[in-house]
Amino acid sequence: MLIVAGTITMKKVSDLEQFMTDARSIIPLARSSDGNLFFTCTVDDPAAGTALMYEQWMDEKSLASYLAREEVKLLFAKWSDRMENAVRKYDASRERDPRENS
């Protein structure tokens, strides 16, 4: 499983609301994509212009297929110069209850 998670900080705080509208518009696309296990984008701190991304994907192929979608490419093209993107991809290989000690 892959986890994609992190923060997005808008260069102009006033852009956060429109970014969130655009980002949320593709949530149904992400959630209906083959291999998607979970997908959300939420405001973290409106005053700081930050949002949180959290995604779970079955595998690299599923994530790559989603990222290749035209709607996703257009979102990145529109916003990439207007934000600091600290979202990263992580490999998850040992899932367990967080209350376990090991």
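Two strands count as paired if DSSP finds at least two bridges between them, and strands (E, at least two residues) and helices (H or I, at least four) are DSSP runs numbered from the N terminus. The model shown here is predicted: local features need pLDDT of at least 70, side-chain atom pairs count only at pLDDT 80 or more, and totals for chains, interfaces and linings use all residues. Residues are numbered from 1 along each chain as its sequence is written, and side-chain values use heavy atoms, with hydrogens and water left out.

**View 1. Strand E3 and its partner E1.** Eight bridges link E1 (residues 2-10) with E3 (residues 50-57) in the antiparallel sense. Look for Gly6, which stands opposite Met53 in E3.

**View 2. Strand E2 and its hairpin with E3.** E2 (residues 36-45) runs antiparallel to E3, joined by eight bridges. Here Phe38 has Gln56 as its bridge partner in E3. Four residues lie between the strands of this hairpin, where Gly49 takes a positive phi near 70°.

**View 3. Aromatic rings.** The whole structure holds four aromatic pairs (rings of Phe, Tyr and Trp, its six-membered ring, with centres within 6.5 Å; planes under 30 degrees apart are stacked, over 60 edge-to-face, the rest tilted). Phe39, Trp57 and Tyr66 form one aromatic cluster.
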